[in-house]
Amino acid sequence: MENFNDGSHILYVNSAIQDDTELGRLMHDLTCRDPDKMYSPILAERVRELKETQKGVEIMCREMDKIFNEGVELGEERGFERGKMEAKQETVLSMAEMGISPEQIAKAVKENVNLVQKWISESMAMAKP
């Protein structure tokens, strides 16, 4: 068990087990799309509200837009970081071809010398027939 030191707890539950227990009925309700087939009247009422009223649809659309926009931002950040690393790697390989030492290259591109050496080794391995 891993301690997060923040008071939180993570529980893993197999939602495929939907037996006639409180937990089984909850798993059923959490995977059920039809509020008329849910055991919990509270969950059924909320699902019905979110799916069948104009206000609920607007709430869900806002939430979906928010999730989508967060995904776009995360994708852009990852792409930007990947692009920076690829540019560094290209610079490393160009400098290595000029005969500059891995230590000097690492200083120039502000990366760990072990990573620089790894990139150079990988490039040389790929260049071999």
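Tutor: Let us begin with Lys 118, which is partly exposed because its relative accessible area is 46%, and this class lies between buried (under 20%) and exposed (over 50%), using a 1.4 Å probe and protein chains only. The model is predicted, so local features need pLDDT of at least 70 and side-chain atom pairs count only at pLDDT 80 or more, while totals for chains, interfaces and linings use all residues. Residues are numbered from 1 along each chain as its sequence is written, and side-chain values use heavy atoms, with hydrogens and water left out.

Lys 118 forms a salt bridge with Glu 122, and their closest N and O atoms are 3.7 Å apart; the term asks for a side-chain nitrogen of Lys or Arg within 4 Å of a carboxyl oxygen of Asp or Glu. Glu 122 also counts as partly exposed, at 34% relative accessibility. Both partners lie in helix α5, four residues apart, or about one turn of the helix, where helices are DSSP runs (H or I, at least four residues; strands, E, at least two) numbered from the N terminus. An α-helix has 3.6 residues a turn, so residues three or four places apart point the same way.

Leaving aside residues up to four places away in sequence, Ala 106 touches Glu 111, Asn 112, Val 113 and Val 116, contact being heavy atoms within 4.5 Å.

To set the pair in context, the count comes to six salt bridges. One of them joins Asp 36 and Arg 48, with closest N and O atoms 2.7 Å apart, and this pair links distant parts of the chain, since Asp 36 is in the loop between α1 and α2 while Arg 48 is in helix α2, twelve residues away. Asp 36 is exposed at 63% relative accessible area, whereas Arg 48 is partly exposed at 29%. Another joins the side chains of Arg 46 and Glu 49 (2.9 Å, N to O), which both lie in helix α2, three residues apart.
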